[in-house]
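This report looks at a helix, a few charged pairs and a patch of surface. Please keep the sequence and the structure in view while reading.

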Amino acid sequence: MKFSNQESITEIRKKQQETPEQKIVRLEAELAAEKEDKLTIMEATAQLYEELLLLKEQMTGGTS
């Protein structure tokens with residue numbers, strides 16, 4: 001078996017490390033995705049709550 005890249009793993013990892021700027025960009029993108037997910041969940045929860053209230057109203061004949 002012949003290896004074409006004989007750098008040490010430490011050297012390879014150093015080259016693959018993020019710069020602070022790259023890390024900021026990555027973390028900001030992750031944060032934006034998380035916020036979008038939370039917003040979607042909140043909207044779905046509100047819609048479900050409204051549907052349950054409507055169903056409850058229908059079951060009680062519209063009187064509360």
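By about how many helical turns are E30 and R26 separated in helix α2? The model examined here is a predicted one. E30 and R26 are four residues apart in helix α2, and therefore about one helical turn separates them. In general, an α-helix has 3.6 residues a turn, so residues three or four places apart point the same way.

**The helix**

Helix α2 covers residues 20-59. It has 40 residues and reaches 58 Å from its first C-alpha to its last. This is close to the 58 Å expected at 1.5 Å a residue. Just after α2 comes G61, which takes a positive phi of about 75°.

**The salt bridges**

Side chains of opposite charge can pair when their charged atoms come close.

| Salt bridge | N to O distance |
|---|---|
| K15 and E7 | 2.5 Å |
| R26 and E18 | 2.6 Å |
| E30 and R26 | 3.0 Å |

R26 forms a salt bridge with E18, and E30 forms one with R26. Salt bridges that share partners join E18, R26 and E30 into one network.

Is K15 buried or exposed? K15 has a relative accessible area of 60%, so it is exposed. The cut-off for exposed is over 50%.

**The nonpolar patch**

Which residues make the nonpolar surface patch? The patch is made by L48, L52, L55 and M59, and its area is about 430 Å². M59 lies in helix α2. M59 counts as exposed because its relative accessibility is 67%.

**In short**

The predicted model has a helix α2 of 40 residues. R26 and E30 are four residues apart in that helix, and they belong to one salt-bridge network together with E18. M59, also in α2, is one of the residues that make the nonpolar surface patch.

Notes: Residues are numbered from 1 along each chain as its sequence is written. This is a predicted model: local features need pLDDT of at least 70, side-chain atom pairs count only at pLDDT 80 or more; totals for chains, interfaces and linings use all residues. Side-chain values use heavy atoms; hydrogens and water are left out. Patches are made of residues with over 30% relative accessible area and no salt bridge: like charges are joined within 9 Å, nonpolar side chains (Val, Leu, Ile, Met, Phe, Trp, Tyr) within 5 Å. Accessible areas come from the Shrake-Rupley method with a 1.4 Å probe; for residues, only the protein chains shown count as cover. A salt bridge is a side-chain nitrogen of Lys or Arg within 4 Å of a carboxyl oxygen of Asp or Glu. Helices (H or I, at least four residues) and strands (E, at least two) are DSSP runs, numbered from the N terminus. Buried means under 20% relative accessible area, exposed over 50%, partly exposed in between (1.4 Å probe, protein chains only). The expected span of a helix is 1.5 Å times one less than its number of residues.
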